[in-house]
Amino acid sequence: MTQVKDGLVKRGSTWTYLVRVRDPATGRMKDQWKGGFATQKEARQARNDARSASDKGTAVAATRITVRDYLQQWLEASETRVRPTTLASYRQHVDGLIVPRIGAERLQQLTPLMVDRLYGSLLKEGRKPRVKTKEGEKPPKATGLSVSTVRRVGATLHRALNDARRKGLIPYNPADAAELPKIERDADGAGDMQT
């Protein structure tokens with residue numbers, strides 16, 4: 001076994017560091033390894049950053065929880081905090097639009113770019129056709145959701161990820177840096193909603 005000195009160890013041709021972080025599920029401290037650094041200096045700098053985050057309480061222990069699993073837990077916890085109509089809206093967004101697209105991703109590996117792609121996918125093909133096809137016919141193409149609907153889905157995801165950040169499951173909310181689609185304004189300042 002190789003010797004760990006000051007939280008650094010060389011494994012093959014790369015360097016790895018070790019820090020202690022608090023597991024959000026148990027509250028206990030546990031070892032977290034991070035490797036693949038080309039030089040000892042890079043590993044030391046990354047270790048120092050990780051230690052600083054751990055001291056500030058912003059470091060999170062690595063977990064394998066997926067976006068799907070977390071959102072299901074979040075929906076269950078929301079049952080007592082929100083009105084039934086709000087919960088129904090959350091469920092519709094999570095089960096019908098978010099989970100089919102990014103549910104298999106690990107929660108801690110979710111990036112702003114993935115969230116941006118989710119919004120783009122919803123704008124292009126978020127609405128499934130309601131027409132039943134006859135045998136042998138091609139199904140009609142999916143159409144996009146409106147900008148305002150995508151923004152509401154984004155608000156649901158943002159709230160769920162904010163709760164994950166506050167609970168120490170993720171270090172930051174990737175939806176903060178994602179770009180929600182903008183509502184196009186007419187010359188008179190009206191948006192896409194008409195009465």
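**Entry 1: helix α5**

I started with α5, which has 20 residues and reaches 28 Å from its first C-alpha to its last, close to the 28 Å expected at 1.5 Å a residue. A reminder to myself: this is a predicted model.

Next I asked which residues of α5 are buried. I found V147, T149, V150, V153, G154, T156, L157, A160, L161, D163 and A164. What do these buried residues pack against? My list reads α2 (67-78), α3 (84-102), α4 and α6 (174-177).

I then stepped just past the end of α5, where G168 takes a positive phi of about 80°.

**Entry 2: α4 against α5**

Two packed helices are described by the angle between their axes and the distance between the axes, so I looked up both. The axes of α4 (residues 112-125) and α5 (residues 147-166) come within 10 Å and cross at roughly 145°. I noted the crossing of α4 past α5 as right-handed.

Which residues meet there? From α4 I have V115, L118, Y119, L122 and L123, and from α5 I have V147, V150, V153, G154 and L157. Sorting the residues of this contact gave me 9 nonpolar, 1 polar and no charged. I was pleased to see V147, V150, V153, G154 and L157 again, as they are among the buried residues of α5.

**Entry 3: M114**

I stayed in α4 for M114, which has its place in that helix. Is M114 buried or exposed? I count M114 as buried, because its relative accessibility is 17% and the cut-off for buried is under 20%.

Leaving aside neighbours within four places in sequence, I found M114 in contact with I102, E105 and Q109. I also checked M114 against A178, which is 64 residues away along the chain; their C-alpha atoms are separated by 8.5 Å.

**Entry 4: N173**

My last stop was N173, in the loop between α5 and α6. Why does N173 count as buried? Its relative accessibility is 1%, and buried means under 20%.

What does N173 touch? Not counting residues up to four places away in sequence, I wrote down H158, L161, N162 and R165. Two of these names came back when I looked at polar atoms. The side chains of N173 and N162 are joined by a polar contact of 3.1 Å. A polar atom of the N173 side chain also lies 3.2 Å from the backbone oxygen of H158.

Note on methods. Residues numbered from 1 in each chain as written. Predicted model: local features only at pLDDT ≥ 70, side-chain atom pairs only at ≥ 80, totals over all residues. Heavy atoms only, no water. Axes fitted to C-alpha atoms, helices over the stretch in contact; angles between N-to-C directions. Helix = DSSP H or I, 4+ residues; strand = E, 2+ residues; numbered from the N terminus. Left-handed = near helix turned anticlockwise from the far one by under 90°. Contact = heavy atoms within 4.5 Å. Nonpolar A, V, L, I, M, F, W, Y, C, P; charged D, E, K, R; others polar. Buried < 20%, exposed > 50% of the residue type's maximum accessible area, 1.4 Å probe, protein only. Expected span 1.5 Å × (residues − 1). Polar contact = N/O pair within 3.5 Å; in protein donor to acceptor, adjacent residues only side chain to side chain.
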